[in-house]
Structures are given as structure tokens and as C-alpha cells.
Amino acid sequence: MISGTCAFLAGVLALQYLPELPSWYCHTGVFAAFLAMRWRLAWLPAIFFLGFFWASYHAQTTLDAVLDARLEGRTVLVQGTIADLPGSLPNQSVSFVFHADRLDEGNGWGDFARKLQISWYQTRQIPALGERWQLAVRLKRPHGHANPGGFDYERWLFQQGISATGYVRDDKRNQQLGVRSWSFTDGMRKAIAAYFNSREHAPPGLALISALTIGDDSAIDAAQWDVLRATGTTHLMVISGSHISLVAGLVFWLMRFLWSRLGTWTETIPAARAAVVISLLSATFYAFLAGLGIPTQRALIMLAVAMTALLAGRWSRPVHVLCLAVIATLAIDPLAVLATGWWLSFWAVTLIVCITYGRYGSIGFWHKWTHVHIVLAVGMLPVLLAIFQQASMVAPLANVIAVPWVNLLVVPTALVGTLLLFISTTAGGLLLNLAAWLMDTLWPCLTWLGSLDFSLLNLHQPLTWTLLPAIAGIFLLFAPHGFPGKWLGLVMLLPMLAARPPGPASGEIWVTLLDVGQGLSTVARTRDHTLVYDAGPAYSPGFDTGRTVVVPYLRSQGIGRIDKLIVSHGDNDHIGGVPSVLKELPVTDVEAGIPELLTMRKARQCHRGEHWRWDGVDFTVLHPDARSYRKGNNASCVIRIEARGGRRVLLTGDIEAESERILLQELRDRLPVDVLVVPHHGSLTSSSPAFVEAVHPDYALFPTGYRNRYRFPRGPVVDRYHKAGSVLLDTAPQGAITVRLRSDGTHPEAESFRCSDPRYWRTVSCTTRNGYGCCDK
């Protein structure tokens with residue numbers, strides 16, 4: 001069973017590394033795989049291909065539902081149902097999943113079965129779960145930032161089956177059409193959510209209680225998430241295996257106790273069997289109450305497999321139950337392997353089953369409990385570093401305390417209080433307040449642990465080849481007592497921790513224009529130094545590209561310190577992510593075009609003539625002139641970088657024609673470069689013909705957002721760089737762009753993230769847009 005499960009998983013996983021799906025005729029392989037199973041020597045390859053083609057079928061079905069490109073950017077009418085609890089956004093805005101079933105693009109209503117992620121900004125009409133609405137929306141195909149080390153939003157949308165994202169337009173045709181006949185649990189979720197939202201001056205812990213009861217974590221603020229992340233206790237706020245198992249276990253124990261006292265009933269149905277059925281039904285109810293999210297589905301499937309084995313009287317080894325759960329989850333949804341939660345949950349259970357099961361004998365409970373969390377802390381290290389580039393060092397201690405506190409005190413109190421709300425609001429509210437008080441009592445302990453200097457291990461993204469030795473080393477390290485050579489497990493972990501991603505040599509400069517949407521952030525690296533030029537926009541108080549793009553990229557490359565941060569000027573799309581960068585990483589020096597706008601850190605004014613050298617690479621500030629004060633876009637710092645071999649890069653911020661004219665008049669001889677980050681995202685206010693002719697770059701890099709409202713880069717600007725013979729690269733279709741300037745003066749090497757790491761679910765081509773685009777030259 002173990003080998004068959006691994007073969008099926010490997011087949012499903014192999015598909016996810018393809019740049020495009022196999023042709024439809026390949027799906028005949030499913031039938032061939034079934035036939036091959038009749039031959040013993042071929043059954044493992046047959047299971048592999050069965051998993052591969054089963055995942056391919058599901059992937060093709062999901063891609064077929066992606067929004068037609070001709071509907072992008074158009075206002076259309078859709079009708080459908082609010083499929084989940086809407087999440088709150090700043091400024092009276094909400095975000096929700098919308099199950100559309102009809103669409104009118106201007107020529108009448110037609111069928112449109114699609115799952116949409118919709119935002120409704122600054123609205124007084126707050127939709128609710130289960131309501132049916134007609135909305136005027138503007139949609140676009142799934143798209144997200146594409147950067148090394150960053151969160152793949154496109155993959156997440158694809159894995160969730162979301163066909164398009166968009167927002168509601170201010171339109172008189174927006175109206176509620178009624179309420180569908182929702183399920184019992186949907187009605188309960190809506191009522192409970194209304195109770196939580198109606199509470200004024202609620203204790204901080206109530207946001208956590210909302211996540212634990214109905215799966216709504218939208219009220220958990222950024223500071224609370226930071227504490228959970230630093231202490232390795234985020235899993236406690238995601239309803240998954242431990243919560244589902246807890247409910248099932250408590251109900252099983254209670255029902256077996258009560259059923260055994262029912263006299264003759266126990267002769268017909270044994271108490272243990274009745275308790276199994278009722279506990280599984282209770283866990284299913286809890287899963288639906290929590291919204292039946294993907295982690296909850298996995299936990300419920302695993303529990304159902306175990307309970308079914310108990311009912312059938314065929315209880316087998318836990319590893320076989322684990323294998324059945326893996327096969328069941330992938331049979332239902334093979335794209336679950338794209339979810340980080342799938343790997344985190346199953347890997348944690350695998351560690352517990354394979355390393356701890358049957359080894360403890362008669363040792364004390366706290367010894368067992370502590371050892372389990374030490375195993376999990378070390379064993380989860382490869383997965384956490386590969387996904388997040390960080391892991392909590394205080395997780396064992398935090399979880400030893402928090403897991404029993406939350407699971408044995410908070411969750412039962414919260415669930416009983418939630419159910420009591422429908423009998424007595426007062427009684428239910430008292431229990432929910434008690435649960436929130438219990439969380440608030442625990443919180444100072446977690447906050448203190450998370451504030452320790454060593455609480456988080458931040459490391460580069462491990463090289464792929466180091467992961468298998470690390471995993472083997474973990475199993476060797478925790479092998480049974482007396483197993484020879486266990487200390488070699490530590491040695492096998494060393495490559496993962498020590499092997500670093502490749503970097504520039506002395507005299508080289510590697511410049512990466514990050515994909516931050518409609519904004520700018522550039523990282524310039526020498527052998528031992530790092531310059532960050534701008535940090536992209538802030539979209540809301542809790543979401544900015546400094547936190548989600550810049551810092552993850554730097555950590556993935558093994559960069560733990562910024563030597564110089566330059567903020568070109570004060571526009572949000574350049575300065576918005578700076579606070580997060582300053583908070584997450586140590587920064588030696590900060591300069592800015594308008595330093596008084598940088599309130600979170602004292603900064604120096606950048607000015608013409610400033611020069612420094614790092615590792616044989618020269619940096620020079622060309623603008624602004626220290627003799628005159630400029631504001632707005634024309635205050636942008638302009639930086640010229642020259643590698644030892646004479647190849648040059650020009651970072652221009654948002655300078656416009658006025659500043660370009662000054663540079664042409666006073667520093668024309670310094671303007672010719674090999675690589676240009678195009679001024680002001682390709683706006684018509686910049687890139688004047690004379691400037692383009694003087695700079696004459698080999699590569700012109702456009703930092704733009706997908707389908708941005710400014711329509712950058714503008715056509716005439718694109719034409720000017722075309723006529724200059726430049727290779728045009730754009731972050732919107734191509735993701736992060738890296739250009740390497742070698743010390744020997746050879747032609748710069750450019751590559752884009754979407755081309756160097758292609759995936760079939762990315763619906764935007766990495767090579768073309770407006771008739772231009774080039775990768776990996």
C-alpha cells in the first residue's frame with residue numbers, strides 16, 4: 001500500500017512541474033494504466049500514470065473554466081450566490097467568493113457557471129452568505145505577482161477553482177435577488193457571523209474564537225498573525241486535523257459512556273460502534289460549520305477513513321490509514337497538492353506516525369508530549385524553509401503550552417457557546433466571552449515567546465537537491481533507540497542549512513526588477529552588498545509588497561541585511577512597502593528623494609555626485625541636483641551602476657520630461673547604459689525621444705501592473721524603445737526580471753521568472769504583450 005500511494009502521489013505531483021498540460025489524447029493513458037495493473041511488474045508505473053492523468057483531467061477542467069480573455073476589462077452583469085462569509089476590507093469594503101450561474105455581456109443572459117473572487121469597495125450594501133445577487137462587475141483572468149520566494153497567488157486561485165477575480169462597479173443594476181434555500185449549517189454560520197460582527201469593544205481574543213468556530217479569520221489582525229507565525233502556532237487558528245479529531249474524540253468518549261448505560265440498546269448496537277457513528281457525524285457537522293475549507297476537508301477524510309476501519313472491524317497500522325487518506329484526498333481533488341496546507345498537514349501526520357508511533361512504552365505523558373513537539377519542530381524544518389524561508393525556534397515550547405490550552409479549554413468552550421447562541425444569546429455569549437478570555441490569558445505568553453530574538457529562524461530557500469538528504473537525516477536522527485549512526489542525521493541536515501543560492505562574483509552586479517504590480521522595487525546585488533531601490537505599493541494597512549514580495553525575495557536569496565535602501569520619492573507605489581522592509585530586515589543606510597516623507601526612519605537626501613563602490617562595482621547618484629529642491633516625480637533619485645567590465649544600469653524612478661531635460665543638458669555623457677528601468681512605468685510624461693536616444697539601452701525594463709488603469713506602458717513610449725533597438729521586458733506578463741552584468745564586460749544576461757519557472761496554470765503568456773517581449777536572452 002505504501003509503494004502504491006507513493007506512486008500515485010508521484011504521478012499527481014509530476015504534472016505540477018509541466019509548463020503546459022498534455023494533449024487530450026494522452027488521457028487514454030488512464031485506460032491503459034488500468035489494463036497494465038493486471039501485470040504485476042507494471043502495476044507501480046500504472047499507478048503513477050493513473051495519478052498523472054487523473055490530475056491532468058482535473059487540471060484541464062479547471063483551466064477550461066477560466067474567464068474568456070475577451071471579457072477582461074469589460075463591465076458585465078452576473079447573477080449568482082454568495083458562497084462564503086464575506087471578509088472585511090478597509091474603508092467599508094468586502095471581499096467574497098461568488099458562485100455565478102448567469103452572465104449578460106450586453107446581448108442577453110446566458111449560462112455562466114464560474115467561481116469568482118469579488119471585491120466590493122466602499123459599499124453600504126453588505127452581502128451575506130447564501131444571498132442571491134445581481135452585480136455589475138469588471139473581471140480579469142487569474143493573475144498575481146510572480147517572484148522568487150513569493151506567494152504564488154495565481155497557483156492559489158487555480159487550486160481553489162476560481163475562474164476570475166474582479167470588483168463590483170457602482171451601478172444601479174446591483175441588487176439582491178433573494179436568498180437561496182441554504183443548508184442548515186450555512187444558516188448557522190450566517191447567524192453566528194452576524195453575532196460576532198455586532199459586538200462592539202469586543203476582546204481581542206474574540207477574533208480568534210471566530211476562526212476556531214466558523215472558520216472566519218478575517219478579523220485577526222496583522223500583529224496577531226505575526227505572533228502566531230513567530231511561535232509556530234498558526235495551525236491552531238486553522239480548523240484542521242487536531243480540531244476535527246478533538247471534537248470526534250470528545251463525542252466518542254461521551255457517547256460510549258452514555259450508550260453503555262442504555263441497557264438493551266447495547267445488545268443491538270455495541271456502544272463503541274454507536275459512538276463511532278455519532279462522533280463522525282459530529283465532526284462532519286463541525287467541518288460544515290467551519291465552512292468545509294480544504295484543510296478541514298482533508299482532516300474529515302482522514303478521520304472518516306480511520307472511523308470506517310473501526311466500524312468494519314479491520315483496524316490496521318496507522319501508516320495504512322495515512323496512505324488511504326492520501327489516496328482519498330487526491331482522488332477527490334488531485335490539485336490539493338498545490339496547497340501548502342496539504343503538505344504541512346500530511347507531513348506532520350507522517351512524522352508522528354512514522355517516528356513516534358509505538359515507541360514510548362510506559363514513559364510519562366509530559367515526556368511523550370514534549371518529544372512529539374521536538375520531533376515536529378525538527379521534522380517540519382525542510383518543508384517550512386522550502387515554503388516560507390523561516391521556521392519558529394520556540395515552536396516546541398509554545399505548542400506544548402498552547403495546544404492543550406486551546407484544544408481542551410478554548411475549543412470546547414467556544415463550540416458549546418456557539419450552539420447555545422440559538423437557545424439563549426445571553427448564555428452563549430457568556431461562554432464565548434469565557435473562550436475569548438481564555439485566549440487572552442494565553443496570549444501574553446505567546447507574545448513574549450514570539451518577541452525573543454531567536455524566535456524565528458530566517459534562512460534562504462533550500463536548494464532542491466538538499467531536501468532529500470535532509471528528510472532522510474530527520475528519520476535517521478529520530479530512529480529507534482540503539483540504532484547505529486544516528487548522529488549522521490545532523491550531518492545530513494547541514495547541506496540544507498549551509499548550501500546557498502548562487503550570487504554575483506566580485507565586480508558583477510545582478511539587478512532584479514521585482515513584480516510588485518503597478519509600482520516599483522528593484523534589488524541590486526554585488527558579491528557582499530545589497531541595494532534595495534523602492535519597495536512597491538501598500539494596498540491596505542495589513543498588505544503591502546514590502547512584506548509579501550521584497551522581504552520574501554531577499555530571504556529566498558539568502559540576504560539577511562540591506563546595506564542601502566533608496567526611496568526614490570514619496571508616491572505610494574514606491575514608498576508603500578518601505579515600513580515592512582524596515583521592520584523585517586536590518587538596514588544600514590537609508591536615502592530618499594523626499595526624506596521628510598519617510599516618517600518611520602531618518603533618511604538622508606540623495607543628491608548628485610554621491611558615489612560609492614561595493615566589491616568592484618561603482619554606484620553614482622545623477623539626480624536630483626543638491627542646489628535645487630524638487631518635489632513629486634521629479635524628485636526621484638536617479639542611480640547609475642557600473643560593473644567592473646564597463647556594463648551599466650540606470651535606475652530612474654518616476655522622473656518626467658523636466659528632469660530628463662536637465663540630465664540631457666548637464667550629464668548627457670553619463671546616460672548611455674546597457675540596462676534601463678524605464679522612467680515612470682512607461683508613462684507619456686517620461687521617456688522623451690531625446691532621452692531614449694541618449695540612453696539607448698540594450699534592455700528596457702517596464703515595471704507595470706497587469707491591466708493597470710493607466711494603461712502603462714503607453715504605445716508611443718513602447719515604439720520609441722523599439723526604434724532604439726532595445727529588448728523590451730515587462731513585469732506584468734513576465735514577472736520578476738533579473739539582469740546579470742558580468743565583470744568581464746560580456747553582454748548582459750536577462751531572464752524572467754515566468755519563463756525560467758513556467759507552470760501550466762499561469763494563464764498570462766510570459767513572452768508576449770502588445771507585440772513585444774523576450775525572455776532569457
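Modeller: Helices (H or I, at least four residues) and strands (E, at least two) are DSSP runs, numbered from the N terminus. The model is predicted, so to speak of local features takes pLDDT of at least 70, side-chain atom pairs count only at pLDDT 80 or more, and totals for chains, interfaces and linings use all residues. Residues are numbered from 1 along each chain as its sequence is written, and side-chain values use heavy atoms, without hydrogens or water.

Start with glutamine 389. This residue sits in the loop between α15 (381-388) and β8 (390-392). Glutamine 389 counts as buried because its relative accessibility is 1%. Buried means under 20% relative accessible area, exposed over 50%, and partly exposed in between (1.4 Å probe, protein chains only).

Histidine 680 also has a positive phi in a residue other than glycine, near 50 degrees. Its loop runs between β22 (675-677) and α24 (689-695). Relative accessibility is 12% for histidine 680, so it counts as buried.

Next come cis peptide bonds. One joins histidine 623 to proline 624, with omega near 5 degrees. Proline 624 is in the loop between β19 (617-623) and β20 (638-642). Another cis bond links phenylalanine 712 and proline 713, where omega is about -5 degrees. The loop that holds proline 713 lies between β23 (699-702) and α25 (715-723).

Now helix α20 (residues 545-556). Its 12 residues should span 16 Å at 1.5 Å a residue, and its end C-alpha atoms are 15 Å apart, which agrees. The expected span is 1.5 Å times one less than the number of residues. In α20, 10 of the 12 residues are buried, so the helix is largely enclosed by the rest of the structure. Among the buried residues are Val549, Val550, Val551, Pro552, Tyr553 and Leu554. After α20 comes glycine 558, with a positive phi near 80 degrees.

Helix α3 (residues 43-64) has 22 residues. From first C-alpha to last, α3 reaches 31 Å, close to the expected 32 Å. Its buried residues include Ala46, Ile47, Leu50, Gly51, Phe52 and Phe53. Ring pairs also link Phe48, Phe49, Phe52 and Phe53 into a cluster.

That leads to the aromatic rings. Rings of Phe, Tyr and Trp (its six-membered ring) pair if their centres lie within 6.5 Å; planes under 30 degrees apart are stacked, over 60 edge-to-face, the rest tilted. The structure holds 22 such pairs. Phenylalanine 158 and tyrosine 760 pair edge-to-face, at 5.5 Å centre to centre and 85 degrees between the planes. This pair links distant parts of the chain, 602 residues apart. Phenylalanine 158 belongs to helix α4 (residues 153-159), while tyrosine 760 is in the segment after α27 (753-756). Both phenylalanine 158 and tyrosine 760 are buried. Tryptophan 612 and phenylalanine 619 are stacked instead, with 5.3 Å between centres and 5 degrees between planes. Tryptophan 612 and phenylalanine 619 are buried too.

Last, alanine 304, in helix α11 (residues 294-312). Alanine 304 is partly exposed, with a relative accessible area of 24%. Its C-alpha lies 8.6 Å from that of alanine 325, 21 residues away along the chain.
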